[in-house]
Amino acid sequence: MFKDASHLAQIIDHTIVRPDATIDDVARACEEAKKYGFACVVVPSCHVIRARDLLSGTLIKVCSVVGFPHGSSTTTVKIVEAMEAMKNGASELDITANIGMVKSGRYDVVEVDIKNVIAMTPGKVHKVIIETGSLTEDETVRLCELCMRVGA
């Protein structure tokens, strides 16, 4: 499927979203992305401008997490975070699904949440973080179906 490792790297998102990630950690992740040719670097919203500047002049995209790590922020907070990340240079958004609402069987709330973030940030790539380690197989399947339905 891939001719070599460099072709595989082009579909990998290089992630640095640890809560203790420093400015130097973000810089290192951006350098690694350049070295290996990763598709994008995923950072918390506070590091989007830094990653954008460090990756300027490359084809590597900047992606920001939204509502990370549990997805428990309100929809309004997620929208503001997503719009700010977009304004600061993120071309992709990784929206964290609300684990508590999934576990409560409130897929309607999760769907509205994700759908509204997508609607308010048009023209971007929208992905959804699904914490499969916290979900049952049925919850994971239903959440994946929901994500496809809303256009993530």
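This is a predicted model: local features need pLDDT of at least 70, side-chain atom pairs count only at pLDDT 80 or more; totals for chains, interfaces and linings use all residues.
Buried means under 20% relative accessible area, exposed means over 50%, and partly exposed lies in between, using a 1.4 Å probe and protein chains only. Residues are numbered from 1 along each chain as its sequence is written, and side-chain values use heavy atoms, with hydrogens and water left out.

- Glutamate 92 sits in strand E4; helices (H or I, at least four residues) and strands (E, at least two) are DSSP runs, numbered from the N terminus.
- Contact means heavy atoms within 4.5 Å. Leaving aside neighbours within four places in sequence, glutamate 92 is in contact with Asp13, Cys40, Lys61, Val62, Cys63, Ser64, Val125 and Lys127.
- A salt bridge is a side-chain nitrogen of Lys or Arg within 4 Å of a carboxyl oxygen of Asp or Glu. Glu92 belongs to a network of such bridges together with Asp13, Lys61, Asp94 and Lys127.
- Lysine 127 and aspartate 94 are joined by a salt bridge, at 3.2 Å from N to O. This pair links distant parts of the chain, 33 residues apart: lysine 127 is in strand E5 (residues 125–129), and aspartate 94 is in strand E4 (residues 92–96).
- Aspartate 94 counts as buried at 10% relative accessibility, whereas lysine 127 counts as partly exposed at 22%.

**Other salt bridges**

- How many salt bridges does the structure hold? There are 15 salt bridges.
- One of them joins aspartate 20 to arginine 18, with the closest N and O atoms 2.9 Å apart. Aspartate 20 is exposed, at a relative accessible area of 52%, while arginine 18 is partly exposed at 40%.
- Lysine 87 and glutamate 84 also form a salt bridge, 3.7 Å from N to O. Both residues lie in helix H4 (residues 75–87), 3 residues apart, which is about one turn of the helix.
- Within that pair, lysine 87 is exposed, with a relative accessible area of 61%, and glutamate 84 counts as partly exposed at 38%.

**Helices that pack together**

- Two packed helices are described by the angle between their axes and the distance between the axes. Here the axes are lines fitted to C-alpha atoms, for helices over the stretch in contact, and angles run from 0 to 180 degrees between N-to-C directions.
- Helix H2 (residues 23–36) packs with helix H3 (residues 48–55) at an angle of about 35°, and their axes are 10 Å apart. On the H2 side the contact is made by Ile23, Val26, Ala27, Cys30 and Lys34, and on the H3 side by Arg50, Ala51, Leu54 and Leu55.
- Helix H6 (residues 107–120) and helix H7 (residues 137–150) have axes that come within 10 Å and cross at roughly 35°. Among the residues making this contact are Tyr107, Val110 and Ile114 of H6, and Leu143, Leu146 and Val150 of H7.

**Two buried residues in helices**

- Alanine 51 lies in helix H3 and counts as buried, at 0% relative accessibility.
- Not counting residues up to four places away in sequence, alanine 51 touches Cys30, Val43 and Val62. The C-alpha atoms of alanine 51 and serine 64 are separated by 9.9 Å, and these residues are 13 apart along the chain.
- Threonine 140 is found in helix H7 and is buried, with a relative accessible area of 17%. With residues up to four places away in sequence set aside, threonine 140 touches Thr132 and Leu135.

**A residue before helix H1**

- Where does phenylalanine 2 lie? Phenylalanine 2 is in the segment before helix H1 (5–9).
- Phenylalanine 2 counts as partly exposed, at 34% relative accessibility.
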